[in-house]
Amino acid sequence: MAVIREPLSEPRRPAGRSLLRAAALLLVAMLSAPAAQSSETRTLLTLINLYRQASPICDDRQTPALGPLAPDDRLARVLVASEVQLQRELKRAGYQASRVQVITLAGSSNVNAVMSALKQRYCGPLLDPHYSEIGVLRRGKTWQLILAQPLLSPDLGDWQHEGRAILQQVNQARASPRNCGGQAFAAAAPLTWSARLARSALAHSRDMAARNYFSHTDKGGSDAGVRAQRAGYRWRRIGENLAAGQGSAKQAVAGWLASPTHCPNIMNPHFTEMGAAYAVNPESDALIYWTQVFATPR
């Protein structure tokens, strides 16, 4: 658990009591403003998720592609000034985290400048596979990001129950028009559950959890199409979404909808069936791995 703060540009700093008074005024101003995410914070989340899946260079090393961070309103409402306060405010917000980190940047209202600073200074936390959820709070030229890995939901059901919960939430999303990144989608017909696709999803989630990796290509070199055929599904069109670390089906779907490359699969009108599942391994980096397979049968 850590708290990081850094200005985007070095401002003049008041000294002594003036510094404390300025900090207090900033906290009051941020708390009194509405907590709903602005378009800028949503844009920043989109940029972060694109960055995570691009397999970028960080600290002179190529990083593996990662799943999207899921936005959580509780994290976006928490404003902290110290690690002790962070723990207290997370508890008050009802958020249970196994690990958490706060990054605060000040000095720019431009979302691209903020993203540039994050990539330059904080690529490590942004590309840490242990984090799966995020809250972004912006007030003026001050930005606060809380990265977290939640504890698993205490009412997490078995894989079939949670897979069908994903189906329900996906169909709710498809019922209305949606913008996925810069791509507009009309409302789409609901998907139906496929037991074969669900078995394919379960096998891949279990393999990722057991072997501690995150990829559309499994360790044997098979992709979603091959795995679906192996499960007895004959497909004409197929797609797959993966997530890791989210503690509930709701948050896994929230992460996919917040990703400009995962959201189109959810809204694709050409898909007609879906299966989904999760698997858990306490010894793995992300703890829990989610697989969602979309298809149109032959």
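The side chains of Arg 88 and Glu 89 meet in a salt bridge, with 3.9 Å from N to O; a salt bridge here is a side-chain nitrogen of Lys or Arg within 4 Å of a carboxyl oxygen of Asp or Glu. Before we follow that contact further, please keep in mind that this is a predicted model, in which local features need pLDDT of at least 70 and side-chain atom pairs count only at pLDDT 80 or more, while totals for chains, interfaces and linings use all residues. Residues are numbered from 1 along each chain as its sequence is written, and side-chain values use heavy atoms, with hydrogens and water left out.

Arg 88 is partly exposed at a relative accessible area of 42%, whereas Glu 89 is buried at 14%. In these terms, buried means under 20% relative accessible area, exposed means over 50%, and partly exposed is in between, with a 1.4 Å probe and protein chains only. Arg 92 joins Arg 88 and Glu 89 in a network of salt bridges.

Glu 89 also leads us to helix α4, which spans residues 83-93 and has Gln 85, Leu 86, Glu 89 and Leu 90 as its buried residues. Helices (H or I, at least four residues) and strands (E, at least two) are DSSP runs, numbered from the N terminus. Looking down the axis of α4, you will find the buried residues within an arc of 130°, so they line one face of the helix; the arc is that of the directions from the helix axis to the C-beta atoms. On the face turned away from this buried side sit the exposed residues Val 84, Lys 91 and Arg 92. Just after α4 comes Gly 94, with a positive phi of about 80°.

The model has seven salt bridges by this rule. One of them pairs Glu 40 with Arg 138, whose closest N and O atoms are 3.6 Å apart. Glu 40 belongs to helix α2 (residues 39-53) and Arg 138 to strand β6 (residues 133-139), so the pair ties together parts that are 98 residues apart in sequence. Glu 40 itself is partly exposed, with a relative accessible area of 29%. Another salt bridge brings together the side chains of Asp 207 and Arg 211 at 3.4 Å, N to O. These two are four residues apart in helix α8 (residues 195-211), which means that about one helical turn separates them. Arg 211 is partly exposed, at 48% relative accessibility.

Let us turn to the disulfides. Taking a disulfide as a pair of cysteine sulfur atoms within 2.5 Å, the count is two. Cys 58 is joined to Cys 123, with 2.1 Å from S to S. The torsion about their S-S bond is about 75°, so this disulfide is right-handed. Since Cys 58 lies in strand β2 (residues 57-58) and Cys 123 in helix α6 (residues 123-126), the pair ties together parts that are 65 residues apart in sequence. Cys 58 is buried at a relative accessible area of 7%, and Cys 123 is buried at 7%.

The sulfur atoms of Cys 180 and Cys 263 are 2.0 Å apart in a disulfide. Here the torsion is about -50°, so the bond is left-handed. Cys 180 is in strand β8 (residues 178-180) and Cys 263 in helix α11 (residues 263-267), so parts that are 83 residues apart in sequence are tied together. Cys 180 is buried at 3% and Cys 263 is buried at 0%. With the bonded cysteines of the chain numbered in sequence order, the pairing reads 1-2, 3-4.

Asp 59 has a positive phi near 55° although it is not a glycine, and its place is in the loop between β2 and β3 (61-62). Asp 60, in the loop between β2 and β3, has a positive phi of about 65° and is not a glycine either. Asp 59 is exposed at 58%, and Asp 60 is exposed at 77%.

Finally, find the open sheet of four strands, ordered β10-β12-β13-β11 with mixed pairing; two strands pair if DSSP finds at least two bridges between them. At the edges stand β10 (192-193) and β11 (235-244), each with a single partner strand, so one side of each lacks a neighbour in the sheet. Nine antiparallel bridges link β11 to β13 (residues 288-297), and Ala 243 has Trp 290 in β13 as its bridge partner.
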